[in-house]
Amino acid sequence: MSENFETLRALEAVIFAAEAPLGLAELARHVGTRGDLPALLRELADSYAARGINLVERGGRWAFQTAPDLAHHLRPTREAVRKLSRAAVETLSVIAYHEPVTRPEIEEIRGVAVSPGTLDVLMEAGWVRPAGRRETPGRPLQYATTPGFLAHFNLASRRDLPGLADLKAAGLLDREPPKELPLPLGGSESD
């Protein structure tokens, strides 16, 4: 048996047994640096591509997950996920597109105050994490997305987030504000 075959088997076992996705450094600690780990991981992922589970990379970390076309078989066993409020969705979007970002920056972009509960919900979901403090007066806390965010939304990295053209093509940004406000009944422009 070749050394690559043994390394592939070791990678498969380590990733399968891991509690959380593993990065290259963590994998190298477990299996050593035999061979080109990124190439071996891609080879292992290719061998799982047509199976019920797939080896995927999310944010530079590797894990096994259910094949997307079979997810419907697992839905009855999953607990119901609470829908996010509009404020939480907007806040998550601002963090994903502008990270690391502070609460005042989120508020400036959204145009409204962010309630502490909104960030708590996003952190409880495992999608947002504190990302240190900004080196400015007051040293505000910064927020960033997590590998859990990437995994939940099936993104390899933040670069896979839809761009402006994608959002417009999906019809999410084509709403134009009214050109002029209607006048109240009986009013005129000179009023």
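This is a predicted model: local features need pLDDT of at least 70, side-chain atom pairs count only at pLDDT 80 or more; totals for chains, interfaces and linings use all residues.
1. Residues are numbered from 1 along each chain as its sequence is written, and side-chain values use heavy atoms, leaving out hydrogens and water.

2. Strand 6 covers residues 141-145, and four of its five residues are buried (under 20% relative accessible area with a 1.4 Å probe, protein chains only). Strands here are DSSP runs of E with at least two residues, while helices are runs of H or I with at least four, numbered from the N terminus.

3. Strand 6 has antiparallel links to strand 4 (residues 101-102) through two bridges and to strand 5 (residues 128-133) through four bridges. Val-128 has Thr-145 as its bridge partner in strand 6. Two strands count as paired if DSSP finds at least two bridges between them.

4. Now find the open sheet of three strands, with order 1-3-2 and antiparallel pairing. Its edge strands, strand 1 (22-23) and strand 2 (53-58), each pair on one side only. Two bridges join strand 1 to strand 3 (residues 61-66), and Leu-22 stands opposite Trp-62 in strand 3.

5. Helix 3 (residues 37-48) packs on this sheet and touches strand 2 and strand 3; contact means heavy atoms within 4.5 Å. The direction of helix 3 makes about 145° with that of strand 2, using lines fitted to C-alpha atoms, for helices over the stretch in contact, with angles from 0 to 180 degrees between N-to-C directions.

Definitions and conventions. Buried means under 20% relative accessible area, exposed over 50%, partly exposed in between (1.4 Å probe, protein chains only).
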